[in-house]
Amino acid sequence: MCCRGNQAKNPSDWAGKWGDYNCDLPIWTLQQIHLSNQNAGNPDFIIWTGDNVAHDVLKSPFESAKSTLLITDYIKEHYPDAIVYPIQGNHEFSPMNLQDLNEKNNPVIDMISNVWRDWLPEESYEEYRKKSYYQSEASKHPLANEKLKQKMEGTRILALNLQSCYFFNFYLFSSLGDELNQLAWLEKNLWEMERNGEKAIIIAHIPPGAHDCMDAFARRYQALADRF
């Protein structure tokens with residue numbers, strides 16, 4: 001909303017045709033990326049970290065997830081062999097920002113996990129559906145060809161749901177702990193990877209050092225990052 005003419009005081013802050021760094025992107029920017037890739041060559045793999053829904057809406061879980069479903073369908077149609085490692089952001093949830101981490105089945109994760117199933121090995125899919133985060137050996141992506149398998153051998157994707165540190169996820173104030181046990185999970189995986197000589201690509205929507213990631217979580221994450 002900050003980039004709309006009725007919100008931004010300075011016209012130079014308005015979003016142009018292709019959007020703006022601080023704003024949501026229109027669908028034709030995504031389409032242009034596809035056209036550009038046709039000329040430059042498709043990427044080896046895509047990391048997709050969420051916040052796909054418009055940032056000015058408070059809608060039903062289905063409406064909040066609909067943009068994710070739409071973009072997923074677009075990628076599958078135009079990049080049928082694309083290697084995508086995805087994770088959701090905070091705006092996919094409904095009401096936006098809010099996820100009860102004690103809830104066993106989240107309707108948004110149920111919807112998203114089903115359309116992302118083609119991009120996740122079975123174990124990663126089951127883990128994501130139950131926990132809302134997952135780990136996956138990069139070379140075992142269901143669509144990986146032999147060239148990618150060789151490139152990504154010994155690399156693991158650790159996809160974090162940082163709703164567990166997001167300041168505006170007000171459910172956190174009932175506990176102020178890591179309700180998802182995600183940091184313990186992360187540490188366990190990093191120890192195992194160190195023993196195996198593996199590398200990690202850690203993906204998430206909210207940077208653990210950002211102002212809206214709670215400090216206690218961020219410090220614990222930093223300790224793991226420093227150690228490993």
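Predicted model: local features only at pLDDT ≥ 70, side-chain atom pairs only at ≥ 80, totals over all residues.
## Basis

Local features need pLDDT of at least 70 and side-chain atom pairs count only at pLDDT 80 or more, while totals for chains, interfaces and linings use all residues. Residues are numbered from 1 along each chain as its sequence is written, and side-chain values use heavy atoms, without hydrogens and water.

## Helices 3 and 4

Helix 3 (residues 107-115) packs against helix 4 (residues 122-131) at about 165°, their axes 9 Å apart. Helices are DSSP runs of H or I with at least four residues, numbered from the N terminus; axes are lines fitted to C-alpha atoms over the stretch in contact, and angles run from 0 to 180 degrees between N-to-C directions. Helix 3 is therefore roughly antiparallel to helix 4 (over 145 degrees; roughly parallel is under 35).

The contact (heavy atoms within 4.5 Å) involves I109, D110, I112, S113 and N114 of helix 3 with Y125, Y128 and R129 of helix 4.

## Helices 6 and 7

The axes of helix 6 (residues 182-196) and helix 7 (residues 215-227) come within 11 Å and cross at roughly 0°, which means that helix 6 is roughly parallel to helix 7. Helix 6 contributes L183, L186, E187, L190, W191 and E194 to the contact, and helix 7 contributes F217, R220, Y221, L224 and R227.

## Cavity

A cavity is a set of points on a 1 Å grid over the protein atoms alone where a 1.4 Å probe fits but cannot get out; lining residues have an atom within 4 Å of a point. The largest cavity holds about 30 Å³ of space, and its lining consists of Q88, G89, N90, L160, N161, L162, Q163, H205 and I206.

Conventions: Helix = DSSP H or I, 4+ residues; strand = E, 2+ residues; numbered from the N terminus. Parallel < 35°, antiparallel > 145°, perpendicular 65-115°, else oblique. 1 Å grid on protein atoms, 1.4 Å probe; cavity = no way out; pocket = protein on both sides within 12 Å on 5 of 7 lines; lining within 4 Å. Points joined across faces, edges and corners; volume = space filled by probe spheres on them.
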